[in-house]
Amino acid sequence: MTVVSVLNYKGGVGKTTVAANLAGEIAYRGRTVLLIDMDPQASLTLSFYPADEFAKEFSDGGTLLHWFEAILHHQDPRPLREFVVTPPRVNERVQRGGGRLDLIPSHLGLIDIDLDLAAYVGGSRFDVSSSGYLWVHRLLADALEDPAFAEYDVVIIDCAPNFNMITRTAVVASDQILIPAKADYLSTLGIDYLRRKVAELVRDYNEVAGDKGGIAIAPELLGIVFTMIQHAADGPIIAARNYVTHTEQYGVPVFRQMIRESKTLFATAGERGIPAVLLPNANPNVQYELVELATEFLTRIAVESTK
Ligand SMILES: Nc1ncnc2c1ncn2[C@@H]1O[C@H](COP(=O)(O)OP(=O)(O)OP(=O)(O)O)[C@@H](O)[C@H]1O
Ligand SMILES: [Mg+2]
């Protein structure tokens, strides 16, 4: 099992879209994939379940919010595996290849949990001397050690556009970090900052873990995926290509495969409960890019592709 966080504190860069499409395509190829929606906006959850279905089935007790709540209220929490659901529409398509796509849903109320968790680590400073530092940071990592999760080939975590406590638990639980980004000036500037924030967390965490006899973590930056690339007749527009080249200087790997901008395809995908890559009769150029991205992703995380 490989755990990958999809991370960028910048909003609207394609994190959720990349997470959903990678998971959809990898499951379609016969793999078992778990998505964890760690963003209070719950966009990932709502791209697999219509809002009314979500409200009826999970919003009262079946989301990550409820798992965290029980932990914070010192109740005996239900194990995380009991929050896993199998969204029906996407799995109708995916199961033809023998794979499965599962999800742990999110909830808007998760935003308050972030503040509650931060209180255990001295608020927004994430103070390494707090007695709860390791415990809070390891909440997700420890939960994923449940043998029930060993059946997944890949776990993909969709993070909120911030570097708050819940996002930090995702980083601590991850083997790899995937960074979707737009190819524009501000986005490429932000990548270096993000790289430093991750390095700082890993350094602080390992310092505390070292003192307390805990296990060190070493999440790797898997790479940057450029999304929403504007195309001209001969491929990506020059400005986009320049920002990609510029980003390569930060020393973070860049995925060869980029995803072009396609407002129509991605706008309708969510409403249908199926990621764009698996929609019938969709824009073949974009779908080809998403398929190739999945192949490159699997190669980079060294999971064999079965198709
Ligand atoms: N390649 C693309 N072309 C056009 N639109 C896209 C593309 N990828 C994503 N979008 C659209 O852009 C919006 C933002 O995408 P998405 O939700 O994946 O970003 P995000 O980084 O997860 O955002 P947030 O930070 O709010 O979680 C969505 O409406 C999505 O449908
Ligand atoms: Mg998102």
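Guide: Let me begin with a term: a crossing of two helices is called left-handed if the near helix is turned anticlockwise from the far one by less than a right angle, and right-handed if clockwise. In this model, which is predicted, α4 passes α6 in a left-handed crossing.

Visitor: What makes α4 roughly parallel to α6?

Guide: The axes of helix α4 (residues 64–72) and helix α6 (residues 110–119) cross at roughly 30° and come within 10 Å. Angles under 35 degrees count as roughly parallel, and therefore α4 is described as roughly parallel to α6.

Visitor: How do you know that α4 and α6 meet, and which residues take part?

Guide: Contact means heavy atoms within 4.5 Å, and on that basis Leu-64, Leu-65, Phe-68, Glu-69 and Leu-72 in α4 meet Leu-110, Ile-113, Asp-116 and Leu-117 in α6. Sorted by class, this contact of α4 with α6 has seven nonpolar and two charged residues, with no polar ones.

Visitor: Why are α10 and α11 called roughly parallel to each other?

Guide: Helix α10 (residues 185–211) and helix α11 (residues 238–248) have axes that cross at roughly 10° and come within 10 Å. Because angles under 35 degrees count as roughly parallel, α10 and α11 receive that description, and their crossing is right-handed.

Visitor: What makes up the contact between α10 and α11?

Guide: On the α10 side are Tyr-185, Thr-188 and Ile-191, which meet Tyr-243, His-246 and Thr-247 in α11. By class, the contact of α10 with α11 has three nonpolar and three polar residues, and no charged ones.

Visitor: Which residues line the largest pocket nearest its centre?

Guide: Of the 24 residues that line the largest pocket, Thr-17, Asn-21, Met-228, Phe-266 and Ala-267 lie nearest its centre. The space in this pocket is about 450 Å³, and α1 (15–28) and α12 (263–272) each supply at least two residues of its lining.

Technical notes:
Residues numbered from 1 in each chain as written. Chains lettered and ligands numbered in written order. Predicted model: local features only at pLDDT ≥ 70, side-chain atom pairs only at ≥ 80, totals over all residues. Heavy atoms only, no water. 1 Å grid on protein atoms, 1.4 Å probe; cavity = no way out; pocket = protein on both sides within 12 Å on 5 of 7 lines; lining within 4 Å. Points joined across faces, edges and corners; volume = space filled by probe spheres on them. Helix = DSSP H or I, 4+ residues; strand = E, 2+ residues; numbered from the N terminus. Axes fitted to C-alpha atoms, helices over the stretch in contact; angles between N-to-C directions. Parallel < 35°, antiparallel > 145°, perpendicular 65-115°, else oblique. Nonpolar A, V, L, I, M, F, W, Y, C, P; charged D, E, K, R; others polar.
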